[in-house]
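Have the picture open while you read, and find each piece as it comes up.

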There are 2 protein chains.
Amino acid sequence: MERITLAHGDGGELAHQLIQQLFVAHFHHDAFVKFDAALLSIEKGKLAITTDSFVVKPLFFPGGNIGKLAVVGTVNDLAVSGAIPKAITCGFILEEGFPISDLKRIVQSMAEEAQKIGVAIVAGDTKVVERGAADGIYINTTGIGIVEEPLVPSFQEGDSVIISGSVGDHGITIFAARGELGLMTNLTSDCAALSPMISQATKASKQIRIMRDPTRGGLATALVEICEDFQLTIELSEDAIPIKREVEGACDLLGFDPLYLANEGKVIFIVAKEDEQKVLQAIRSREEGKEAAVIGTVRATEKGQLLLRTPLGTTRRLYRLTGLLLPRIC
Amino acid sequence: MERITLAHGDGGELAHQLIQQLFVAHFHHDAFVKFDAALLSIEKGKLAITTDSFVVKPLFFPGGNIGKLAVVGTVNDLAVSGAIPKAITCGFILEEGFPISDLKRIVQSMAEEAQKIGVAIVAGDTKVVERGAADGIYINTTGIGIVEEPLVPSFQEGDSVIISGSVGDHGITIFAARGELGLMTNLTSDCAALSPMISQATKASKQIRIMRDPTRGGLATALVEICEDFQLTIELSEDAIPIKREVEGACDLLGFDPLYLANEGKVIFIVAKEDEQKVLQAIRSREEGKEAAVIGTVRATEKGQLLLRTPLGTTRRLYRLTGLLLPRIC
């Protein structure tokens with residue numbers, strides 16, 4: 001089997017061949033000039049820019065792989081900021097000895113996913129480090145989007161909080177895929193591009209006030225950040241949060257809290273109460289949004305707090321994830 | 001000493017603190033919203049986009065460190081494409097146990113360099129991997145620039161090839177800094193932003209036809225790529241290529257060819273013969289361009305070949321770097 005060598009990263013003949021045969025072959029696009037610097041035409045407007053590195057372990061898991069995750073993760077950050085994703089760049093750090101066949105599968109996933117979303121992979125870079133100085137492959141993707149109508153975050157008392165589907169699927173899938181503790185599940189990662197669902201939702205309502213994708217740190221951490229950033233208080237209804245039975249079971253077994261587990265294909269919407277059902281319908285019209293639910297309400301009594309109302313009727317405050325839950329989840 | 005822990009990468013409270021205290025504190029800028037997604041206003045025009053990951057070893061070396069290199073390397077790719085660098089993003093992959101004081105020095109260098117160049121650091125990301133799954137720190141930077149007057153590459157027989165200074169300084173500096181073979185030198189890396197020198201040169205002449213920065217693979221590989229891309233032939237005069245005596249000595253000792261050693265602060269200009277002196281003067285007016293020299297000529301007799309005329313009067317063809325020279329040079 002062909003493997004990556006240090007010479008693939010030195011800018012010489014082998015690096016040239018790898019780029020031509022793998023990256024240029026898959027990421028063909030007008031804007032993709034030389035896997036080096038790309039030129040993109042834009043109309044006057046606002047650019048949204050976001051960057052993310054991916055170090056997920058294992059590299060291949062049910063529902064995706066590091067390449068798919070690297071494309072959708074960055075595209076999703078753009079989408080929740082109200083931007084239309086246009087272009088992404090990719091930087092690869094490869095470990096000496098990494099199988100070129102695995103790299104090919106990863107690159108193919110990236111190309112497929114980018115094409116599905118309609119985003120161009122416009123520039124790239126490859127570095128190779130010695131055996132033992134990385135864990136197979138790390139990928140950075142940086143995304144550029146155009147903001148036509150900027151989403152100006154706002155809120156009102158009584159606004160509804162919607163989650164587009166069940167939480168914790170990605171976290172438990174990755175944990176199980178590592179084979180630790182012998183956990184076996186039929187779960188797959190929710191890893192998916194959110195831009196189609198978001199554009200459906202924003203078409204259905206002009207009163208979507210805030211969007212956020214609850215990735216690392218999970219639903220709870222993302223909501224705590226929203227509460228702090230905008231000094232609003234959200235009361236969640238524990239009963240209403242969609243959690244798959246298998247995720248719940250694994251969490252009970254492992255002592256994890258599903259509200260803190262990473263998601264890679266979910267959106268939190270904060271929307272005016274009167275448009276709640278319109279947005280819910282729009283989301284549910286898509287396969288990836290079928291399990292969407294209203295999970296909470298914006299309150300004005302306290303400031304900057306995330307509260308959880310339990311089925312017993314008690315209420316407790318939730319905080320950011322503290323301490324280590326699951327490293328290398330994305 | 002405080003060190004990076006896996007919890008710094010999980011998106012929770014510690015990650016939040018690291019981002020606030022280190023990145024937001026240093027990279028403060030209007031466009032820098034939440035170290036997550038940034039918004040940038042642009043006029044109608046062309047965007048240039050480039051990405052690069054940096055895995056240089058050692059992290060600190062005479063003349064720079066991985067942070068400075070990450071900023072100038074990406075800015076230079078934009079500058080040689082004819083763009084005015086505007087914004088960069090940064091993605092950090094940190095190894096568990098990495099000293100936070102080292103991270104601070106690196107981040108400070110990045111902030112300083114970006115400010116000097118006038119480029120905004122607009123978004124970032126941090127991932128942490130377990131001890132042994134990376135070598136301290138890897139940094140990806142992605143750069144966005146505005147192209148006001150696109151540089152349309154062209155050439156004519158007789159055009160001059162200029163290099164903005166001595167070649168191989170970075171390569172030998174890094175090699176010596178690793179302490180391998182006990183090589184000791186007073187060399188420093190040429191690691192520097194090229195945009196000021198390039199803007200000086202493009203002001204002096206409207207007949208600069210092609211620019212390229214000879215990084216990995218060195219002067220020879222960059223010129224081979226130019227020859228292949230534009231199907232032109234360049235004849236270099238070996239005598240004319242500026243090489244520091246210490247670099248030459250180290251190369252003799254180690255069996256390296258200075259023409260294939262990485263540079264991080266040099267530009268190749270291909271310019272109309274009649275403007276050669278104007279451009280040379282403009283470059284030499286800057287400290288980092290003092291050793292600039294005309295090193296070759298564009299010929300039309302052959303196609304796509306890089307030729308080297310030796311002091312003995314013989315001519316040989318040069319090819320891309322093949323095989324391993326120095327891994328992790330940038």
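This is a predicted model: local features need pLDDT of at least 70, side-chain atom pairs count only at pLDDT 80 or more; totals for chains, interfaces and linings use all residues.

Start with a stretch that has a label. The UniProt record, an unreviewed entry, lists residues 156–306 of chain A as "domain: PurM-like C-terminal". That span is 34% helix and 17% strand, and its end C-alpha atoms lie 15 Å apart.

Now look for the sheet in chain A. Seven strands make up an open sheet, in the order β9-β11-β8-β12-β10-β13-β14, with mixed pairing. At its edges you'll find β9 (208–212) and β14 (315–318) of chain A, each pairing on one side only. From one strand to the next, the twist averages 25°.

Zoom in on one pair of neighbours. Strands β10 (residues 233–237) and β12 (residues 293–299) of chain A run antiparallel and are joined by four bridges. Within this pair, L236(A) sits opposite G296(A) in β12(A). As a bit of background, strands of a sheet pair through backbone hydrogen bonds, either parallel or antiparallel.

Hop over to chain B. Here too, seven strands form an open sheet with mixed pairing, ordered β9-β11-β8-β12-β10-β13-β14. L308(B) stands opposite R316(B) in β14(B).

The table shows one example from each chain.

| Helix | Strands it lies across | Angle |
|---|---|---|
| α5 (residues 195–204) of chain A | β9 and β11 (268–271) of chain A | about 170° to β9(A) |
| α8 (residues 276–284) of chain B | β8 (160–163), β9, β11 (268–271) and β12 (293–299) of chain B | about 5° to β8(B) |

Helices can meet each other too. Two packed helices are described by the angle between their axes and the distance between the axes. For helix α1 (residues 13–26) and helix α3 (residues 100–117) of chain A, the axes come within 9 Å and cross at roughly 30°. Angles under 35 degrees count as roughly parallel, so α1(A) is roughly parallel to α3(A). On the α1(A) side the contact is made by L18(A), L22(A), F23(A) and H26(A), and on the α3(A) side by L103(A), K104(A), V107(A), Q108(A) and A111(A). Sort these contact residues by type and you get six nonpolar, two polar and one charged.

Next up are the charged pairs. Over all chains, the count comes to 46 salt bridges. One of them links E130(B) with K57(A), where the closest N and O atoms are 2.9 Å apart. This pair crosses between chains: E130(B) is in the loop between β6 (120–129) and β7 (137–147) of chain B, while K57(A) is in the loop between β2 (45–54) and β3 (60–61) of chain A.

Stay at K57(A) for a moment. What kind of peptide bond joins K57(A) and P58(A)? It's a cis bond, with omega about 5°. P58(A) lies in the loop between β2 and β3 of chain A. In chain B, the peptide bond from K57(B) to P58(B) is cis, with omega near 5°, and P58(B) lies in the loop between β2 (45–54) and β3 (60–61) of that chain.

One last stop: R328(A) has a positive phi of about 55°, although it is not a glycine. You'll find R328(A) in the segment after β14 of chain A.

Notes. Residues are numbered from 1 along each chain as its sequence is written. Chains are lettered from A and ligands numbered from 1 in the order in which they are written. Side-chain values use heavy atoms; hydrogens and water are left out. UniProt positions are given in the numbering used here, feature names are shortened, and annotations may be inferred rather than shown by experiment. Helices (H or I, at least four residues) and strands (E, at least two) are DSSP runs, numbered from the N terminus. Two strands pair if DSSP finds at least two bridges between them. Axes are lines fitted to C-alpha atoms, for helices over the stretch in contact, and angles run from 0 to 180 degrees between N-to-C directions. Contact means heavy atoms within 4.5 Å. Angles under 35 degrees count as roughly parallel, over 145 as roughly antiparallel, 65 to 115 as roughly perpendicular and the rest as oblique. Ala, Val, Leu, Ile, Met, Phe, Trp, Tyr, Cys and Pro count as nonpolar, Asp, Glu, Lys and Arg as charged, and the others, Gly among them, as polar. A salt bridge is a side-chain nitrogen of Lys or Arg within 4 Å of a carboxyl oxygen of Asp or Glu.
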